[in-house]
Amino acid sequence: MQAFKSKYRLSIAFVAATCFASVSWAGTVTVESCGMDVTVRAPASAIVTLDQASTETMLGLGGAPRMAGTAYLKTQVAPQYKEAWESVPLLTKGRPTAEIVRVVEPDLLVAYSGFFYSDQWVGSREELKELGVGTYISAVSCPLADQPDLNSFDLLARDFENLGRLSGQEAEAQKVIAAQNDAIEAASKLRLTRDEPIKVLWLYSVFEGTPYVAGGPSIPGAISNIAGVENVFGDVNEQWPGVSWEAIADREPDIIVLGDLSERGSPGDTVEEKIAMLTTEPGVSFLDAVTKEQFISVPGIEMDPSIRSVNTLNLFVKGLKRLGYAE
Amino acid sequence: MLDPAADLASSIPAEIARLPRGLGGVALTLLGVGAVLLSMVLAVQIGVAEVQFSDLLRIVATRLGIDVEPLGRMRESLIWDLRVPRILAAALVGAALAICGAVLQAMTGNALADPYLLGISGGASTGAVFVVILGFGGGTLLSTGAFIGAMVVLAILLLLLRKGGGTPLKLVLTGVIIGQFFSAVTSLVVMAAGDAEATRGITYWLLGSLATARWTPVLLLSILTIGGGLVVWAHAHVLDAMSFGSDTAQTMGVNVSRSRLILLVVCALMTAVAVAMVGAIGFVGLIIPHAARLISGPLHVTLIPFSALLGAILLIWTDALARTILAPQEIPVGVFTALIGVPLFLLLLRRRGDL
């Protein structure tokens, strides 16, 4: 009877405690990510990043000591993160699967897009939540319908803030956000040498004859807005739509930004190959941008939303100045 | 064309044929079942994460309430939520596809028939891409979409075949045409609406992968496979008669059109659930009935259960291979069933004297 009574008391105490758990108490952090509340026991100590953008962002926030694994590498990690990256186990160079992720017993998963959280990849968000694993999706993948004026950089800043809170790296996150804001401010003060809109084509890759370009809701789209130029496919509401050479010729870009994917090594990935394609493709070879070689080259990986995207902004501004479109 | 007489002559080794039939059959069946169970127990331990048989026993004991030290939550989830359903799914899908392969081969009188002849996989892939690419997300919704797509194909098939039943030629043609149509729709949706990564995700499913197996669909599949398998087994004599041609079957007193309808619907359901869960895994339905025929003989009363057992064993082991050969990466199992299936098929053709 005595034992029963004390067990009963213990249960009541437990129930009371869990009632308080829904309110943020010193011990958990909750952020909202793409429609789901992500809660971890603060700070997260076994973070697994499922793709390169998430990996580099987490490393850039100084989260390496709290990371349990990384996955899905497309290119070499940026040199400034190399050492930190090597201190974290690489789970797989290819796509992460449900088993691989569970082996390291993570408490937080970070991915740039929601499709990572499906049965085909690491498992659904609900399934992982039941196991006590938080699933974070980059804010860039789910722009809020009620705040359409937030561009990709604003959403990235939100990511940095959220991830900083989840991993206990708030100070680092603030530094990263400040650096990004400085770069944006400098770029927005750019003086363009032309009154008519300068049209820019952002070419990521050509796959099986289809050119993939940057649409409106993308980092290049945001960069175009900041610099005051026009992204020729900014009206397409997709991050990387596949278009046609005719459509490109039709829109007559003044400048072509080429994504350098030489590390991926697929045919047509290097800048040289892309230039060769442009000069031989009948639809576009006559364009001024091609004949006058108005090209700007940026690392392809930095055109995707990540902590490195601000480099693209800086490279673009430098390119504009070099080509004489800005001073 | 299937040649039951020649199969009978060439398949059963003389010594076994001389044994009292009952004993040989029972012994082989027990051996088969034992092989399947052994395969499951061994395969559960193979994979990226190290799993011991003792871990599995501990999980079962914990769930039964027996007092053992429980495994860590994540580890338990890895084994119980991922590995075990995956092994069971491999066995069930292998069995389902093999049974339906045997049925289709008998119904169409064509040695090259497989369950996807009905166009089910085409419809399922269309349903799946609609769900994934048009943005309803992956997860269980993909399977639901695939199943609905498969059912649409079945409905169309039944509609087109309502006059004159399903004569073998009509069945083959209708199934192939519908399948091609839906495959084209799938390609269209993928090209037009897919972004690079979603397309990649659906490609893995289209190639067939057991990574998506979870308990709920596995339980559904088990009911359908066991139930459907029993229905098919009950029609064993009908299938034997059909192998001789539908005219001959009719003269033997078989209600051909009604049996065809039942078998068609049962197989379509089994294939639909299997494909919805794991995608279109090829070659199992094609090869296994022929391989099983070599052991069990051409009569369907033994061919059906043996196809099921062999199909289960094949898929359990090819899946184990697919998830370890390039570890930590997982190759879709459909790739391996083709890589293994083709040489096996050539061997079989040689054995039958066709090569």
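**Reading the model**

Guide: E1(A) and E2(A) form a hairpin with 2 residues between them, and in that turn Cys34(A) has a positive phi of about 50°. Helices (H or I, at least four residues) and strands (E, at least two) are DSSP runs, numbered from the N terminus. This is a predicted model, in which local features need pLDDT of at least 70, side-chain atom pairs count only at pLDDT 80 or more, and totals for chains, interfaces and linings use all residues. Residues are numbered from 1 along each chain as its sequence is written, while chains are lettered from A and ligands numbered from 1 in the order in which they are written.

Visitor: In which sense do strands E1 and E2 of chain A pair?

Guide: Two strands pair if DSSP finds at least two bridges between them. Here E1 (residues 28–33) and E2 (residues 36–41) of chain A pair in the antiparallel sense over 6 bridges; Thr28(A) has Arg41(A) as its bridge partner in E2(A).

Visitor: Is Tyr72(A) buried or exposed?

Guide: A residue is buried if 20 or more other C-beta atoms, placed from the backbone, lie within 10 Å of its own, exposed if 12 or fewer, and partly exposed in between. Tyr72(A) is buried, with 22 such atoms within 10 Å. This non-glycine residue has a positive phi, near 60°, and lies in the loop between strand E4 (67–71) and helix H3 (82–86) of chain A.

Visitor: Where is Glu293(A) found?

Guide: Glu293(A) is in the loop between helix H11 (288–291) and strand E12 (295–299) of chain A. Its phi is positive, near 50°, and Glu293(A) counts as exposed, with 12 C-beta neighbours inside 10 Å.
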